[in-house]
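Biologist: I have a chain and a ligand on my screen. Can you walk me through them, one question at a time?

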Amino acid sequence: MTDPDRLGARAAAMIEELGAISAEPGRLVRLYLTPEHRRAADLVARWMREAGLAAGEDALGTVRGRWGGGRRLLIGSHLDSVIDAGRYDGPLGVVAGILAAEQVVRSGRQLPFGIDVLAFGDEEGSRFPSTLSSSAACAGVFDDAMLSLADRDGVTMAEALRAYGKSPAEIPAAAYGRAEAAAYVEVHIEQGPVLESENEPLGVVTDIVGASRLRVTVTGEAGHAGTVPMDLRRDALAGAAELVLAVERIARTHHDDRMVGTVGRIQAAPGATNVIPGRVQLSIDLRSATDRIRRAALAEIKAEAFRLVEARGLEIELEPLYEVATTPCAPALQELLVQSVSALGHRPLRLPSGAGHDGQMMAKLCPMAMLFVRCRGGVSHNPAECASPADMGAAIAALIGFIERFDPDRL
Ligand code: HGY
Ligand code: MN
Ligand code: MN
């Protein structure tokens, strides 16, 4: 018998334990292929074994908990975090998968499919300028160019994988076969305000927004802050600042397509109070519901960037790091989630995801679905991020209901 309150209490305790694994004492930072990733992966593997799953790891460090044979229902999310993160973004989906699978294993039911619970290591892209790399490997679409991407210390992903005990040569073996993977489902906090505003704990995701990420380098000329007249400067940071405002302005003009544009990181060199910045590196993250509109807005941003650097006598390099298309969730799987949520007595709201998720990569392998869980104030990527044990219990109960309704032959 499914007991949502008991499942929610267990999930809360597991998320607290996982949330304490951080590279820094005062805030949550858990990056891909670090000692903290190793500790989190070992803890998750232990939970998987205690739940009756066979736990192992693939060549990208994804922890895989396996039960049963035949075609696979894949249930997953990620263990890595942003900087100064909340505890629920990622871990909720891993913990929900383990607890739901445990209930199936303990029930002794024979199902016409097996279950793999997946704990991905690189969803956020907080260490390397990649993102969704570990789910890409599971989906068989890993881009080997990611291996040469370096972190802020100059360590490449390939070097970090070897230090973590993995061999890049085995990455192709991490891919599921298309015949093997029947479907992928992910439980995740909404990271937005809709469910709270509708006073509902759960939501069925319709699609995951498309996104472009770029690294931009603006180059000017370092100089003495006291002696170079304003009209003779080639100030890279002033130029970058104009670009930041252009990103904001252009994103706002496409508000009706749910467009959002963010410069989340900016670094000015040499970084001294009395030196005119000669070089600036910044990130651009652009998302919108419609790929065509996002790409057109990106072209606008690039045109504006070239115009402003020309006017200021600067140089610019715009390096595309990542692009993913807006990804629809499989209607048949959405329907199973709707039935499961309704069976618990909740209104089965449907909503799009403005956040990116591993499901966008897994959708390249098999039908994909996501179940959102209400989070307080819609706050995420922030230590105040929080989902209640009751809502988490409802989500796990809905996931169990999904598993009980799932039939790989009727997709
Ligand atoms: O950036 C995102 O949308 C996700 O949290 N990685
Ligand atoms: Mn996430
Ligand atoms: Mn996130």
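Biologist: Which pocket does ligand 1 take up?

Modeller: Keep in mind that this is a predicted model. Ligand 1 takes up a pocket of the protein.

Biologist: How do the residues of the shell around ligand 1 divide into nonpolar, polar and charged?

Modeller: The shell includes Glu123, Glu124, Arg213 and Arg287. Ala355, Gly356 and His381 are also around the ligand. Glu and Arg count as charged, Ala as nonpolar, and Gly as polar. The division is one nonpolar, two polar and four charged.

Biologist: Which side chains have an N or O atom close enough to a nitrogen atom of ligand 1 for a polar contact?

Modeller: The cut-off for such a pair is 3.5 Å. A side-chain N or O atom of Glu123 is 3.0 Å from a nitrogen of ligand 1. A polar side-chain atom of Glu124 is 2.9 Å from a ligand nitrogen. The names are Glu123 and Glu124.

Biologist: Now Arg72. Is it buried or exposed?

Modeller: Arg72 lies in strand E3, residues 72–78. Its relative accessible area is 0%. Buried means under 20%, so Arg72 counts as buried.

Biologist: Which backbone oxygens does the side chain of Arg72 reach?

Modeller: One contact is at 3.4 Å, to the oxygen of Gly70. Another is at 3.2 Å, to the oxygen of Ile115. The residues are Gly70 and Ile115.

Biologist: Where does the side chain of Arg127 find backbone oxygens?

Modeller: Arg127 is in the loop between strand E4 (114–120) and H4. At 16% relative accessible area, Arg127 is buried. Its side chain reaches the backbone oxygen of Tyr32 at 3.0 Å. A polar atom of that side chain is also 3.3 Å from the backbone oxygen of Leu33.

Biologist: What separates the C-alpha atoms of Phe142 and Leu411?

Modeller: Phe142 is in the loop between helix H4 (133–139) and helix H5 (157–163). Phe142 is buried, at 14%. Along the chain, Phe142 and Leu411 are 269 residues apart. Their C-alpha atoms are separated by 26 Å.

Biologist: Is the peptide bond from Ala269 to Pro270 cis or trans?

Modeller: Pro270 is in the loop between strand E10 (266–269) and strand E11 (275–276). Most peptide bonds are trans. From Ala269 to Pro270, omega is near 10°, and the bond is cis.

Biologist: What is the phi of Gln191?

Modeller: Gln191 is in the loop between strand E5 (181–189) and helix H6 (194–197). With a relative accessible area of 18%, Gln191 is buried. Most residues other than glycine have a negative phi. Gln191 has a positive value, near 60°.

Biologist: Last one. Is Arg258 buried or partly exposed?

Modeller: Arg258 is in the loop between helix H7 (236–253) and strand E9 (260–262). Its phi is positive, near 60°. Its relative accessible area is 38%. Buried means under 20% and exposed means over 50%, so Arg258 is partly exposed.

Technical notes
Residues numbered from 1 in each chain as written. Chains lettered and ligands numbered in written order. Predicted model: local features only at pLDDT ≥ 70, side-chain atom pairs only at ≥ 80, totals over all residues. Heavy atoms only, no water. Near = heavy atom within 4 Å. Polar contact = N/O pair within 3.5 Å; in protein donor to acceptor, adjacent residues only side chain to side chain. 1 Å grid on protein atoms, 1.4 Å probe; cavity = no way out; pocket = protein on both sides within 12 Å on 5 of 7 lines; lining within 4 Å. Sits in = over half its atoms within 2 Å of the grid points. Helix = DSSP H or I, 4+ residues; strand = E, 2+ residues; numbered from the N terminus. Buried < 20%, exposed > 50% of the residue type's maximum accessible area, 1.4 Å probe, protein only.
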